[in-house]
Amino acid sequence: MPTLLITGAAGIVGTALRPFLRQRYKLRLFDRKPVEGLVEGETVVVGDLTDPTCVQQAVEGVDGIIHLACAHGTDIQFQSTVEPNYHAILYLLEAAQRHGVKRFVFASSHHVLGQHRSDAAEYFDDIPVAPDSYYALSKVFGEAACATFSQRSDLATWIVRIGNADPKVSDARRLRMWTSARDLAQLMLIGLEYPDVRHEIVYGVSESPSPLFHNKRARALGYQPQDNAGDNLADNYLPYEAMAPEGSGRDHVGGAYAGAPLVSVLEGV
């Protein structure tokens, strides 16, 4: 059975994906803190992606990588993203190239399109990036880094712009981009196993009554979502009319991220 490295494995998304992925892979779970609930076929590497030596050791001997780990937040400073979001993905990509890893799946985000108004297009699959935060800006960098390495080596890269991966749908904005764990796992597996992948960008979304993303490229490569956001509403679900016009971000792809001010990089200058 091949070995798959998952970074950020102790997080919400990594924890939700594990039951689906360990049916096909031995899982090497990487995080800065211990990973709970281990079962047969799972091992843990506790380390930091900002340490290139640690990254090299974690990557050695794996067949594929799913990179979930990142620093994020509406109020994050640019400097706080440099090591964990910029340097770390370069360490991982170079280590993957050195060790002959064949597939690299990068968890990007819908926030790379976050500043677009959510009523500005029928579907948002092919519109230009409009990152809504320093977090989102780092995801754009990560996507570009994946393209660079996929063109310069045998490493195939698969970008998944994840929508909302909460267990349930909490409001009308998230309804349009929600993904279940099993649908997201299906996308990850296509990226790891589809024979003709070189460098692709797809969207981590299930079906929706009013989708933001058609996800046509993923569907062309075999993606068949099994779940619908409309069937997974939280008990306290907020319809559009109940969301505050200001502050909730209901009218932007990136929600509250699109309205939050960027922390100044000139402060103190």
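**Reading a predicted model**

Author: Glu200 is found in strand β8, which covers residues 199-204. Strands (E, at least two residues) and helices (H or I, at least four) are DSSP runs numbered from the N terminus. The model is predicted, so local features need pLDDT of at least 70 and side-chain atom pairs count only at pLDDT 80 or more, while totals for chains, interfaces and linings use all residues. Residues are numbered from 1 along each chain as its sequence is written, and side-chain values use heavy atoms, with hydrogens and water left out.

Reader: Is Glu200 buried or exposed?

Author: Buried means under 20% relative accessible area, exposed over 50%, and partly exposed in between (1.4 Å probe, protein chains only). Glu200 has a relative accessible area of 13% and is therefore buried.

Reader: Which side chain forms a polar contact with that of Glu200?

Author: A polar contact is a pair of N or O atoms within 3.5 Å; within protein, one must be able to donate a hydrogen and the other to accept it, and residues adjacent in sequence count only if both atoms are side-chain atoms. The side chain of Arg217 is joined to that of Glu200 by such a contact of 2.8 Å. Contact in general means heavy atoms within 4.5 Å. Leaving aside neighbours within four places in sequence, Glu200 is in contact with Thr157, Trp158, Ile159, Arg217 and Leu221.

Reader: How does one read the buried side of a helix?

Author: An α-helix has 3.6 residues a turn, so residues three or four places apart point the same way. In α2 (residues 52-59), the buried residues are Cys54, Val55, Ala58 and Val59. They cover an arc of only 125° around the axis, which puts them on the same side of α2; the arc is that of the directions from the helix axis to the C-beta atoms.

Reader: Against which elements do the buried residues of α2 pack?

Author: They pack against β1 (3-7), β2 (26-31), β4 (64-67) and α3 (78-98).

Reader: What is found at the ends of α2?

Author: Asp51 caps the N-terminal end, with a side-chain oxygen 3.0 Å from the backbone nitrogen of Thr53. Just after α2, Gly61 takes a positive phi of about 90°.

Reader: How is the lining of the largest pocket divided by class?

Author: Ala, Val, Leu, Ile, Met, Phe, Trp, Tyr, Cys and Pro count as nonpolar, Asp, Glu, Lys and Arg as charged, and the others, Gly among them, as polar. The lining of the largest pocket has 17 nonpolar, 16 polar and nine charged residues.
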